[in-house]
Amino acid sequence: MSEHSHLMDENVVQSQINFKYKTKLNGISEPCEFYCFTCNQPRISRIEYSYSKATFIWCCILCFCTIILGLVPFCMQKCSSKTHYCPICDKIVGQTDGELC
């Protein structure tokens, strides 16, 4: 019985070693699990979107066709910059620029 409990303890330690949290979320476009050093807890990031250079470049390009098409990039999240925040302490944990696609 003690040999069995020893094996269970090894499995717990092994699983703790293999599971690692990200600490910076730069370049990631979706909410992601990370470790916040301010809260000292694992969290799932909260994302806020803002207009990027890509948004305005696409707006200018599409405005040559019609003004209405120029507004489309402002509705697309892929063209927007994304900022990851800790949902508890609001610390910035990563940023991603918009894409030109």
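## The nonpolar core

In this predicted model, the largest nonpolar core is built from 7 residues: L25, I28, C32, F34, C36, C86 and V93. Take C36 as a way in: beyond its neighbours within four places in sequence, C36 is in contact with Q41, R43, C86 and C89.

## T83 in strand β4

T83 sits in strand β4, which runs over residues 81-85. With a relative accessibility of 12%, T83 counts as buried, because the cut-off for buried is under 20%. Setting aside neighbours within four places in sequence, T83 has contacts with R46, I47, E48, I92, G94 and Q95.

## Aromatic pairs

Searching the whole structure turns up 4 aromatic pairs. One of them joins Y35 and F37 edge-to-face, at 5.3 Å centre to centre with 70 degrees between the planes. Y35 is partly exposed at 25% relative accessibility, while F37 is exposed, at 54% relative accessible area.

Y51 and F74 also make an edge-to-face pair, since their ring centres are 4.9 Å apart and their planes stand at 90 degrees. Y51 is in the loop between β3 (46-50) and α2 (53-63), and F74 is in the loop between α3 (67-70) and β4, so this pair ties together parts 23 residues apart in sequence. F74 is partly exposed, at 25% relative accessibility. Ring pairs also bring F56 in, linking Y51, F56 and F74 into a cluster.

## The annotated span

An unreviewed UniProt entry annotates residues 55-75 as "transmembrane region". In the model, that span is 62% helix and 0% strand, and its end C-alpha atoms lie 9 Å apart.

How values were computed: Residues are numbered from 1 along each chain as its sequence is written. This is a predicted model: local features need pLDDT of at least 70, side-chain atom pairs count only at pLDDT 80 or more; totals for chains, interfaces and linings use all residues. Side-chain values use heavy atoms; hydrogens and water are left out. Helices (H or I, at least four residues) and strands (E, at least two) are DSSP runs, numbered from the N terminus. Buried means under 20% relative accessible area, exposed over 50%, partly exposed in between (1.4 Å probe, protein chains only). Contact means heavy atoms within 4.5 Å. A nonpolar core is a set of buried Ala, Val, Leu, Ile, Met, Phe, Trp, Tyr and Cys residues joined through side-chain atoms within 4.5 Å. UniProt positions are given in the numbering used here, feature names are shortened, and annotations may be inferred rather than shown by experiment. Rings of Phe, Tyr and Trp (its six-membered ring) pair if their centres lie within 6.5 Å; planes under 30 degrees apart count as stacked, over 60 as edge-to-face and the rest as tilted.
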